[in-house]
Amino acid sequence: MTTTTETRWLNAEQQVAWRAYLLGTARLMAKLDDELRQFGIGINDYEILVRLSEAPDRRLRMADLADRLHQSRSRLTHTIGRLEAAELVRRTSCTSDKRGVWAELTDAGHALLVEAAPTHVDSVRENLVDLASPEDFTAIGRVFDAVAEHVGQQR
């Protein structure tokens, strides 16, 4: 954050890149979300199922899951409620901490993830990965690692 009162405007090239990022990201996320709808879930639901599938015992504390997804706890609670009603996830109490709640991936949730993953990965490849050179894709990763770290420090 700058401490001067002078605004550092984007130059023309930066403005074009910024607007391409905004439009490209919006279109990509909408495309990925649309393609997952055939499985009865959206991109945010899919990401929850993925995070749980990668966790030990296929479960995470709700607070940890919210942090990993950068979602508010109330939004995550609402989404988990929907996934729980669909029997894809279940909530259980944490025995070591009476205030803690686990979100656990059910067998049905895991099966749905296994079914949806090939479609999702194919779409990520077709609509992002394969459009960039390996060097450009690596650069995208570096940039967004830096963004996540920088913005995360400002919270």
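## A buried aspartate and its partner

The side chain of D45 makes a polar contact with the side chain of R82, at 2.8 Å, in what is a predicted model. D45 sits in helix α2, which covers residues 43-54, and a polar atom of the side chain of D45 also lies 3.1 Å from the backbone nitrogen of G42. When neighbours within four places in sequence are left aside, the residues in contact with D45 are T79, R82 and L83.

The pairing of D45 with R82 also counts as a salt bridge, with the closest N and O atoms 2.8 Å apart. Because D45 belongs to helix α2 and R82 to helix α4, the pair ties together parts that are 37 residues apart in sequence. The two partners can also be described by their accessibility: D45 has a relative accessible area of 3% and is therefore buried, the limit being under 20%, whereas R82, at 41%, counts as partly exposed.

## Other salt bridges

Side chains of opposite charge can pair when their charged atoms come close. In this model the count comes to 9 salt bridges, and one of them joins D107 to R58, with the closest N and O atoms 2.7 Å apart. This pair links distant parts of the chain, since D107 is in helix α5 while R58 is in the loop between α2 and β1, 49 residues apart. D107 is exposed, with a relative accessible area of 61%, but R58 is partly exposed, at 23%.

A further salt bridge is formed by E84 and R91, whose closest N and O atoms are 2.8 Å apart. E84 counts as partly exposed at 27% relative accessibility, and R91 is partly exposed at 31%.

## The nonpolar core

The largest nonpolar core has 27 residues, and those with the most contacts inside it are L65 and I80. At least two residues of this core come from each of α1, α2, α3, α4, β3 and α5, and α2 gives the most, with 6 residues. Not counting residues up to four places away in sequence, I80 touches I48, M62, L65, V89, R91 and A103.

W18 lies in helix α1 and counts as partly exposed, at 44% relative accessibility.

Definitions and conventions: Residues are numbered from 1 along each chain as its sequence is written. This is a predicted model: local features need pLDDT of at least 70, side-chain atom pairs count only at pLDDT 80 or more; totals for chains, interfaces and linings use all residues. Side-chain values use heavy atoms; hydrogens and water are left out. Helices (H or I, at least four residues) and strands (E, at least two) are DSSP runs, numbered from the N terminus. Buried means under 20% relative accessible area, exposed over 50%, partly exposed in between (1.4 Å probe, protein chains only). A polar contact is a pair of N or O atoms within 3.5 Å; within protein, one must be able to donate a hydrogen and the other to accept it, and residues adjacent in sequence count only if both atoms are side-chain atoms. Contact means heavy atoms within 4.5 Å. A nonpolar core is a set of buried Ala, Val, Leu, Ile, Met, Phe, Trp, Tyr and Cys residues joined through side-chain atoms within 4.5 Å. A salt bridge is a side-chain nitrogen of Lys or Arg within 4 Å of a carboxyl oxygen of Asp or Glu.
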